[in-house]
Amino acid sequence: MESCKIQNLYHLEGTMAEEYLQKFTYPWEALDGIKDFILELGARLPKDRYEEVSEHVWVAKSATVAPTAFLGAPCIIGEETEVRHCAFIRGNALVGDHCVVGNSTELKNVILLGHVQVPHYNYVGDSILGVYSHMGAGSITSNVKSDKTLVVVKGEEGQMETGRKKFGAMLGDHVEVGCNSVLNPGTVVCPESNIYPTSCVRGVVPANSIWKKDGNIVKKVTK
């Protein structure tokens, strides 16, 4: 499944997760090691730019964190990032530079690469979001199947067993997810694609595509 490979989903250069994600072929392979990577990376962050505000919680001095936000360990909040009122970061969260984590948004076992916006009532779990990706208000990643079986990634190129019970969504760079959409377990949205509001998405959405009503996928038309 060539389109689902890390090298085809994400621009890693200059992101905090670059050295970590380069070790893997597919992004979901990286989910189990996020905690250990954050602990290792946090310990060597430059002290002139980052502060360990509590044990294993590192926040960039240029970041803005609302006093009502909860930062669970381990986590890293990148430079120029904004964490808003009542955000709930449960832990195992690497939030890159220039991101927005909004009011009542919950993060768990995630990597947000950079310039990512999850600004209003979002749940993002066991997921990796590419640079400049954006989740509209109320959109969520569903990370466990209702029958609790292992997640399979399914697309036009075939399907792949992941061996994972928990797997949210992999969003490529510059992906736009419409308001109140649900990204079902094992969803992969390739770069530059859009999801219509109130969609129920599953499988692989090709690059430069639009997921429309009832799963109708069309290629973007460039003018």
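Helices (H or I, at least four residues) and strands (E, at least two) are DSSP runs, numbered from the N terminus. This is a predicted model, where local features need pLDDT of at least 70, side-chain atom pairs count only at pLDDT 80 or more, and totals for chains, interfaces and linings use all residues. Residues are numbered from 1 along each chain as its sequence is written, and side-chain values use heavy atoms, leaving out hydrogens and water.

Q: How many helices and strands are there in the protein chain?
A: Let's just read off the two kinds of run. The protein chain has 25 strands, and its helices number 3.

Q: Which residue takes a positive phi in the hairpin of strand 1 and strand 2?
A: This hairpin has 2 residues between the strands. The one with a phi near 65 degrees is histidine 56.

Q: What radius of gyration does the protein chain have?
A: The radius is taken over C-alpha atoms, and the globule rule is 2.2 Å times the number of residues to the power 0.38. For 223 residues, a compact globule would come out near 17 Å, so the chain agrees with that at 16 Å.

Q: What percentage of the 223 residues in the protein chain is buried?
A: Buried means under 20% relative accessible area (1.4 Å probe, protein chains only), with exposed over 50% and partly exposed in between. Among the 223 residues, the buried share is 52%.

Note on methods
Two strands pair if DSSP finds at least two bridges between them.
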